[in-house]
Amino acid sequence: MRVFFIGFGQAGGKIVDMFIEQDKRMQTQNFRGIAVNTARTDLMGLKNIELKDRLLIGQTVVKGHGVGTDNVTGARVTADEIDAIINAIDSRGTHDIDAFVIIAGLGGGTGSGGSPVLARHLKRIYREPVYAIGILPAPEEGRLYSYNAARSLSTLVNEADNTFIFDNSAWKNEGESVKDAYNRLNDEIVRRFGVLFRAGEVGKAGVGEMVVDSSEVINTLRGGGISSVGYAISEKISPRTKQSQGLLSGLVRKKEKTEEVLTGEDKSAKIIALVRRAMLGRLTLPCDYSTAERGLVLLAGPPDEMDRKGVEKSKSWVEENIAGVEVRGGDYPVQSDYIAAVVVLATIGNAPRITELLEIAKSTKEDVLKSKEKRSTMFDDGIEPLFE
Ligand code: GDP
C-alpha cells in the first residue's frame, strides 16, 4: 500500500525519517512523509525527510524550544496551526495514497498532544483511513509520562481508525536505559511495519501466490481500537537450496516429481512454523492474542519459497487462536535471502499493559489534585494579605 506518514514530535519524526530511508534504500516509492514538531533542534536532526517537509509549529508560544512534557499545549498549538499542517500534507500530494499513519511517542508533549488533534482533522478532510502508531513510555520514565500516554491514547483511539501500539518497556533489555535502546527499538518498528505497509505493492520480484492488497489491510483494521503486531524472520535461505529448487522445477521425470511434492510440504511447514513464531513471539504490544477480533497474516520473501497451502494453513491456525473469525492473508515476493512473517492482531480486547497504564494515570491524577488542594489551604490560617 501507499502510506503517508506524519511523524509527530521527536520519536515520531525519527521513525518516519527511517521509513523514508528504507523506501530510498529499497528503491520503492511506497512511503511519503513529513515531520511536525515544536522543537527546532529535533527537526534539524532528521536526515531523510526533505527540509521543506519538516514543519515547526507553536513558534509564537514556545519559540522553537518545544513544549516539554506539556501535552495540553501540544494539543493546543496543533489545533491553532492545523491549516499549516494540512497544507504541508497537501503540497506533498495525497491523491494516490491508501492510508495516513501518524507516529508519535505518547508520553511526551508534542506528539502526545498533537496526534489526536491531527487524526481528527485528517479524518474530517480525507476519505482514506487514518492510523496511528503510538509508542508507550517505559514506567522508569516517570509517572507524568504514563499519565500523558494514558490521556493521549484514550483520546487517540476515538479519533484514529486504528491505533497500533509499540511498548518501549516490553522491548528494552534488562538493565538498559530506554534512551540507549531507541535505535534498536526504532529498527524493530520500521522492519515490522515496513513489511505490513508494503503489502499489495507489486515489486520487481513479481506477483505473489496469494496476493494481498491494501483493502485487506484496511478491512482488517476496520474494527478500530488498538492492535499489536507480531513478526518473525526465517533463517538465511542458502543459495544451494534455491539452486536445487530451480533445477527441480525444470525436471519433469517421475522421481524428481515426488521430490518436488516433498519440497512443497517442507515449504508449507516452514511457513506455518514462521507464522506461529511471529504470533507467539514478542508482540509490539504484549497482549492476550485470544482477545483479538481480526487477524492478518503476511509473508514476504523470494517467490520460490512461497506456498499457498502454507499461507492457508497458517491463516486457519491464527483463526483458531483469536476471538474473531476474520483472518486475512497472503504473500508478496521480495528479492531477499529471508522470509518474513507479520501477524496483525487487530482490535484487541485485553492488554494488561494498557490497564496498568490507565491505573497509573488515575492515581497520578488523584495525587496531583491532592497536592494542589494542600497548596491552596496552606495559607488559609487567618493572616490577612497586604492587599486583595
Ligand atoms: P515529543 O517530542 O514531545 O513528542 O516527545 P518525545 O517523542 O521526545 O518523547 C515521548 C516518548 O517517546 C517518551 O516516552 C520517549 O521515551 C519516547 N521516545 C523518544 N524518542 C524515541 C525513539 O527514538 N524511539 C522510541 N521507541 N521511543 C522514543
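Biologist: How are α1 and α6 oriented relative to each other, roughly parallel or roughly perpendicular?

Modeller: In this predicted model, α1 and α6 pack with their axes 7 Å apart, at an angle of about 75°. Angles of 65 to 115 degrees count as roughly perpendicular. The orientation of α1 and α6 is therefore roughly perpendicular.

Biologist: Which residue class supplies five residues to the contact of α1 with α6?

Modeller: On the α1 side the contact is made by Gly9, Ala11 and Gly12, and on the α6 side by Thr110, Gly111 and Gly114. Gly is counted among the polar residues. The contact of α1 with α6 has no charged residues and one nonpolar residue, and the class with five is polar.

Biologist: Are α6 and α7 roughly parallel or roughly perpendicular to each other?

Modeller: Helix α6 spans residues 110-125 and helix α7 spans residues 143-159; their axes come within 8 Å and cross at roughly 5°. Angles under 35 degrees count as roughly parallel. The relation of α6 to α7 is therefore roughly parallel.

Biologist: How many charged residues take part in the contact of α6 with α7?

Modeller: From α6 the contact takes Ser112, Gly113, Ser115, Pro116, Ala119, Arg120 and Lys123, and from α7 it takes Asn148, Ala149, Ser152, Thr155, Leu156 and Glu159. Asp, Glu, Lys and Arg count as charged. Four residues of this contact are nonpolar and six are polar, while the number of charged residues is three.

Biologist: Which residues are closest to the ligand?

Modeller: The ligand is surrounded by 21 residues. At least two residues of this shell come from each of α1 (9-25), β4 (99-105), α6 and α9. By class, the shell divides into 11 polar, eight nonpolar and two charged residues. The closest residues are Gly9, Gly105, Gly108, Gly111 and Pro137.

Biologist: Which element gives the most residues to the side of domain 1 that touches domain 2?

Modeller: The chain is divided into domain 1 (3-198) and domain 2 (226-348), and their C-alpha centres lie 30 Å apart. Domain 1 brings 11 residues to the contact and domain 2 brings 15. On the domain 1 side, the elements that give two or more residues are β6 (162-167) and α9 (178-197). With six residues, the element that gives the most is β6.

Biologist: How far apart are the end C-alpha atoms of residues 2-194?

Modeller: The unreviewed UniProt entry annotates residues 2-194 as "domain: Tubulin/FtsZ GTPase". Over these residues the chain is 52% helix and 19% strand. The distance between the end C-alpha atoms is 11 Å.

Conventions:
Residues are numbered from 1 along each chain as its sequence is written. This is a predicted model: local features need pLDDT of at least 70, side-chain atom pairs count only at pLDDT 80 or more; totals for chains, interfaces and linings use all residues. Axes are lines fitted to C-alpha atoms, for helices over the stretch in contact, and angles run from 0 to 180 degrees between N-to-C directions. Helices (H or I, at least four residues) and strands (E, at least two) are DSSP runs, numbered from the N terminus. Angles under 35 degrees count as roughly parallel, over 145 as roughly antiparallel, 65 to 115 as roughly perpendicular and the rest as oblique. Two residues are in contact if their C-beta atoms, placed from the backbone, lie within 7 Å. Domain bounds come from an automatic or database domain assignment. A residue is near a molecule or strand if its C-beta atom, placed from the backbone, lies within 6 Å of it. UniProt positions are given in the numbering used here, feature names are shortened, and annotations may be inferred rather than shown by experiment.
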